[in-house]
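Here is a short report on a protein model. Look over the structure first, then read on.

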Amino acid sequence: MTEIRAISLIKDFSTRRVINNISMDINQGNFILIKGPSGAGKTTLAMIISGLIKPDGGSVHINGRNYYNLSRFDRYKLRKSFSYIFQNNIFINNSSVIDNILIPFINKKASKNDFKKALYYLDLFGLNNTANKKIYKLSGGEQAIIGIIRGIITEEYTDVIIADEPTSQLNEELEEKILKIFKYLNSKGKTILLISHSKKAELFAKEIYFMENGKITNYEKRIKE
């Protein structure tokens with residue numbers, strides 16, 4: 001179980017304050033949507049919360065421990081609770097689709113079940129014939145789906161899924177399929193932190209934070225059955 005508390009976060013890039021005194025609690029099993037215009041600071045906030053960027057002020061507490069005060073080894077152990085889906089995916093271009101999906105297991109050999117799960121998701125999205133193709137031969141939309149599969153393939157071992165605009169390159173049908181997968185994973189107790197401009201995503205979230213100019217400008221709590 002992973003509980004996260006962000007307290008009075010501040011982050012500056014050059015002379016611009018990108019994150020301006022933001023606090024929020026993320027409880028295990030929540031489904032949080034962060035919305036706002038481009039440049040609002042959404043991605044930076046998610047990266048600070050998940051331990052990828054150090055804030056200039058404030059603190060992030062994961063399971064009661066001040067993350068950025070921990071040793072490098074202890075931070076690494078905590079980060080293993082997170083799974084990431086980046087807006088701009090980084091792939092090994094000369095490797096196959098299946099090898100790129102299984103990158104999260106680079107320090108731990110993928111099991112037969114992990115391999116089967118990768119093939120299952122490829123089939124689910126109609127990409128079962130791409131498993132052995134080089135990743136660079138896929139379209140931008142197909143690569144976006146591979147990035148999503150790579151981000152959820154470790155759900156058995158992680159508690160929190162951070163997804164930054166994962167469906168921005170996908171049509172409505174694929175977007176809904178992805179959101180339903182997030183909903184299913186959330187029903188299994190996984191925490192979802194989703195950054196998205198999508199109106200459809202609002203139907204799946206339990207809490208919605210609206211950002212502008214590095215600040216939380218509005219908050220909605222949705223009642224879910």
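## What lines the largest pocket

By class, the lining of the largest pocket holds 13 nonpolar, 6 polar and 4 charged residues. Keep in mind that this is a predicted model. The volume of the largest pocket is about 870 Å³. Its lining counts 23 residues, and the closest to the pocket centre are F82, Y84, I103, P104 and F105.

Which element gives the most to the lining of the largest pocket? The answer is β6, with 3 residues.

## Aromatic pairs

Rings come next. A pair of aromatic rings is described by two things: the distance of the centres and the angle of the planes. The whole structure contains 6 aromatic pairs. In one of them, F82 and Y84 are stacked, at 6.3 Å centre to centre with 15° between the planes. The angle is under 30 degrees, so the pair counts as stacked. Both residues, F82 and Y84, are buried. Together with F86, F82 and Y84 make up one aromatic cluster.

Another pair is F105 with Y157. This pair is edge-to-face: 5.9 Å centre to centre, 80° between the planes. F105 sits in the loop between α3 (97-101) and α4 (112-124), while Y157 sits in the loop between α5 and β7 (160-164), so the pair ties together parts that are 52 residues apart in sequence. Are the two partners buried or exposed? F105 is buried, with a relative accessible area of 6%. Y157 is partly exposed, with a relative accessible area of 34%.

Now turn to the strands. Strands of a sheet pair through backbone hydrogen bonds, either parallel or antiparallel. Here, an open sheet has 6 strands in the order β6-β7-β8-β3-β9-β10, and the pairing is mixed. Which strands stand at the edges? They are β6 and β10 (215-221). Each has a single partner strand, so one side of each is left without a neighbour in the sheet. From one strand to the next, the twist averages 15°.

Look also at β3 (residues 31-35) and β9 (residues 207-212). These two strands run parallel, and 4 bridges join them. Across this pairing, L33 stands opposite I208 in β9.

Finally, follow β6 through the model.

How values were computed
Residues numbered from 1 in each chain as written. Predicted model: local features only at pLDDT ≥ 70, side-chain atom pairs only at ≥ 80, totals over all residues. Heavy atoms only, no water. 1 Å grid on protein atoms, 1.4 Å probe; cavity = no way out; pocket = protein on both sides within 12 Å on 5 of 7 lines; lining within 4 Å. Points joined across faces, edges and corners; volume = space filled by probe spheres on them. Nonpolar A, V, L, I, M, F, W, Y, C, P; charged D, E, K, R; others polar. Phe/Tyr/Trp six-rings, centres within 6.5 Å; stacked < 30°, edge-to-face > 60°. Buried < 20%, exposed > 50% of the residue type's maximum accessible area, 1.4 Å probe, protein only. Pairing = 2+ DSSP bridges. Axes fitted to C-alpha atoms, helices over the stretch in contact; angles between N-to-C directions.
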